[in-house]
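Hi everyone, thanks for making time this morning. Let me put it up on the screen.

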Amino acid sequence: MSDFSSQLVSLLEQVTASNNEVIKAASARLQKEFYTNSAAVPALIQIMQQNPSPQLRQLAAIEVRKLIISHWDNLDTNLQAQIKNSLFQSTLQESVQIVRHASSRVISEIAKNDLPERKWDELPAFVHKACLSSSVIEREVGVYILYTLLESMEATFIDRLGEFMPIFSQTLSDPQSLTVRTDTLLSLGKIAEILDADPEEEYTSMFRQFLPGMVNVLKELIDQGDTKVIGQAFDVFQSFMWIDSSIIGKAFGDLIQFLHEITKSDNFDSDVRCNALTCLTNAVRYKRMKVQGLRIGSTLTSSALQIAADTMDEIDDEEEEDSVPRLALRFIDILSSTLPPSQVMNTLVAEIPKYVSSPNPNYRRAGLLAISVAAEGAPDFLSTQIKFVLPVILQGLQDNTVEVVTAALSALAQLATELQEAISKEHEVLLPIVFNMMDSQDPKVSKAARNALDAMIESLDQEVIVKYLDALMTRLIDLLNRPDGDLAGKGPVIAAIGSAAHAAKTDFMPYLNVSVQAIQHYLGPSDVESELDVKGMAFDTLGAIANSCGKEAFSPYAQASVEAAYDAFQSQHSRLRESIYLFFGTLSKVYGEEFAPFLPRIMPEIFKPLDQEESGYDEPEEDIDIGNADEEDPWKNITVNTSLAIEKEIAIDTIGDLAAGTKSAFLPYMDTASEKLLAYTEHFYEGLRRAAITSLWQTVGVIYNIANPPKWEPGLRLKIPLPETVTAYSAIVMKATLESFEAEDDRSTATAICNNLSESLRLCGPGILGDSSEAIATQILIILKKQHRCQTMDDEEEEEEDGDAAEYDLMLLDSAMDVIVALAAALGDDFEHYFKTFCPIILKYCSSSNQTERASGTGALAEIVNGMKTAITPHTTQLLKCFVHRLSDETSEVRSNAVYGYGLLAQYSQSTQEIVGTYAKTFQRLQQLLTVDAENQRCVANILGCVARLCSAHMESVPLDSIIPVLITNLPIQDGFEENDPIYRLIVNLYKLQNPIIQGLTEKIVQGLEALFLKETEEKKQFEFDQTRQEVVELLRYIYNNNPSLVQSGSAIARVIQ
């Protein structure tokens, strides 16, 4: 052995020592003196082949792999040939499996370099011979080399699949070696990935035949109990969840059933069940339509609930982030948000009662936690089940087991967040119970109660929260000021103060000083994570207080709060930084352009995380790998910083808020901001794409408002051109949005894109369309046909139950309808072309078996009429038929939208005879609906608005003497306040016509308007158009002048007419 090789051996021995200083010194010498020399390659290979120490042989193999890429081509061709020939024999003769695997990977590393250039044509033949050898060791080596080649050289082997598929048909059922069978399974996983990139029907058909054998190998591995190998095998099946569905074919259902059986059985190890649960979760997430087509959602939901209940004892193990019960609950979460309520929520509603009534507290806890995790995925469904949900929650709150009580509080907090209106109506029952639990002696209960209280009070109406405010704030401030050392409990208290401020608005003013002074104690310097969490909540609450009380009231604390936020910016704690971003975003809304002086210090900090990478490769220390790992995982050092990704998302959201708040003062940062935001519209993380697109459209709105052009008028030919600054910038944003839209595979992001397009069209009008209207219409039509990429995550269409859809799908549909409505409003008469495209498919939605789809379709047609106005006339017949038919729909929301649409059609269509011909029956139906839908205040408002429109459009065809008194009796409306416009325009007009019927109802009209103006605030405007309000005020002045006794001094009317 040469001196070079001897020194190399010596240094490798030192690297395997236990002394860190020795390791570092040896590593440094290897890097500087040996690994820069091409001679290290043959020397390391010799050590790998001949050294008596298995550990050194393995280490030499690992190290030489790293040097192949830089030194191999520098070696003499004869030496290269000698090395390659020797590798075959030495690998076959190696007695230690871990070293054989390391040596096999050296072969594949050289193959990566030589095979594409036809410098190692002997290799495939060697591998083929080894795989089919009569020697078990040789078969193991051959299959493993083939696996490593497929892993690292997918593209090279696409054309050679025909050579290897027959090999796998034998090795997958190798009679002597589970290792051969396992490595064949892993190899077939790589084959599946190759077929996904370049599908060939011949090979795809052959691959499907392997699936039963692959499942059998997984079963064997589970029986053997080798956790690491089982994990690798599950990874193969995991990959099936996002490759082309045709590769798996009809075996998908059998695979789901197999995984389902594993998850249910407590005979399997927890790791095995966790792997199976993860596979099932990803199957539902990425093969949604295939799972839905199997009609097994109910079975999976039932099993997940049972699993969570049976293993609930494991859920409190903080060291096990992915325990069986946590994954089972996560599975319920994904099921509820991905599959239709008929397959998931109906099952939960049917089964949870037996769980919460069980004598086993684990079952009661599981039932409550299932409600908690399912709430986000199906809030609309749960809102219809409040009579079922509320008793379950109340029962849990009264349980004698702490864990069950905390589960009930957790469920209540989630429901309060997702079902704000429904839960806030129950405040008289729920708030006192939760209020008392805040002082529980058990810290888990008190903390959970404070979290629930925080969620509940945020959604309360201002007039409701004021009833509790004094007692609530007294208790919260007392809890916050207690020197009990319960830092974990302080965070929810601070958050609850913020929620109280948010709900109370200006009524929070008396509590501003005492609240801020108490909170400021938690803004001091700290590097303790729990203290930083509380500090973040403190900034959240300060923002809420500032927003509710206004800039003048908050000004005494603004400077100190901002300085504390500046100091906290230096923290590496992502949650704290996110809170600071949100705090500054809120202050910019409160102070507007007065916040501009703070931007020079804030913007660099907000831009900073956007320049960092969330993913990267963590190099091992000194580039030396030590240990007894069987093989190197090419992904093991790839890291994704999830917390940084979320911090970026909040930072991007804040950019939009700062721009909207500071307006023209933000312009110096606009170029940098837009450049960074545009880059994130193509990011792999959907949250960042969604945030970037939303903030970009916010900045479009800012530039539009700064330009302050005249109000736009509808039409493709712009009657009022946009300023060049708006046109140029919106064109850039529109281009990026449409590119993202077409490729988007996330439903929530596609929904956000639709929302941004519709909102921006309403603000800026047709001028921002440019030449994009066709492209927008194309994407919207694809969504309506349920063929958009985000709706078809599977690669083949499944037969879908008619009208059966998850709530997230319905949200996407509704947002797409909003884009159509916004286009109709922006284009007016010019929407005719698009109407012909969209109308047939929207009419189909109006007849869907799904009530939400019917409501969306009917509502969209109504708003399209409102946008096209008289241009809708040629389509009167088909729309009239639809609206009249839906007046008798079984669902209140659909009827309400049909009422609204019918009224608008009567107002705008010039097919007078056709419209008036339906008046008599329609008035009868509207009279019935006033009783049937009396509880639906939005529907009542639409009925009264419709009646007003019918009267205004064709007064001569309406029996005013019987209609007008009913209309006035039902005023004021309690919801849908934009309907006040047609109602009071009619009333004003009747007064102008000196109609005796309306004159006789003056006192009732004044009473209704008094109630209306009592509720009027800046946030709760009672009229859509200022002109209508002004006409009403003039009418009241007229009434007052003629009959002053009808207007009491100090009344709301007296205030508005003065």
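Let's begin at Thr 1002, which sits in helix H52, covering residues 1002-1015. When I say helix, I mean a DSSP run of H or I with at least four residues, while a strand is a run of E with at least two, and both are numbered from the N terminus. Is Thr 1002 buried or exposed? Its relative accessibility is 13%, so Thr 1002 counts as buried. The cut-offs there are under 20% relative accessible area for buried, over 50% for exposed, and partly exposed in between, with a 1.4 Å probe and protein chains only. The C-alpha atoms of Thr 1002 and Met 868 are 35 Å apart, and 134 residues separate the two along the chain.

A word on what you're looking at: this is a predicted model, where local features need pLDDT of at least 70 and side-chain atom pairs count only at pLDDT 80 or more, while totals for chains, interfaces and linings use all residues. Residues are numbered from 1 along each chain as its sequence is written, and side-chain values use heavy atoms, leaving out hydrogens and water.

Now the whole chain. The secondary structure comes to 54 helices and 2 strands. Of the 1058 residues, 56% count as buried. The C-alpha trace spans about 120 × 70 × 70 Å along its principal axes.

On to charges. How many salt bridges does a search of the whole structure find? The search finds 46, a salt bridge being a side-chain nitrogen of Lys or Arg within 4 Å of a carboxyl oxygen of Asp or Glu. One of them joins the side chains of Arg 100 and Glu 140 at 3.3 Å, N to O. Arg 100 lies in helix H6 (residues 97-114) and Glu 140 in helix H8 (residues 136-152), so this pair ties together parts that are 40 residues apart in sequence. Both Arg 100 and Glu 140 are buried.

Compare that with Glu 739 and Lys 735, whose side chains meet at 2.7 Å, N to O. Both lie in helix H38 (residues 724-743), 4 residues apart, or about one turn of the helix. Glu 739 is partly exposed at 42%, and Lys 735 is exposed at 53%. There is also a network of salt bridges linking Asp 439, Arg 475, Asp 478 and Arg 482.

Finally, some backbone details to find on screen. The peptide bond from Leu 971 to Pro 972 is cis, with omega near 0 degrees, and Pro 972 is in the loop between helix H49 (960-969) and helix H50 (980-992). Arg 295 is not a glycine, yet has a positive phi of about 60 degrees. Look for Arg 295 in the loop between helix H17 (288-294) and helix H18 (297-310). Lys 505, also not a glycine, has a positive phi of about 55 degrees, and Lys 505 lies in the loop between helix H29 (487-504) and helix H30 (512-519). With a relative accessible area of 25%, Lys 505 is partly exposed.
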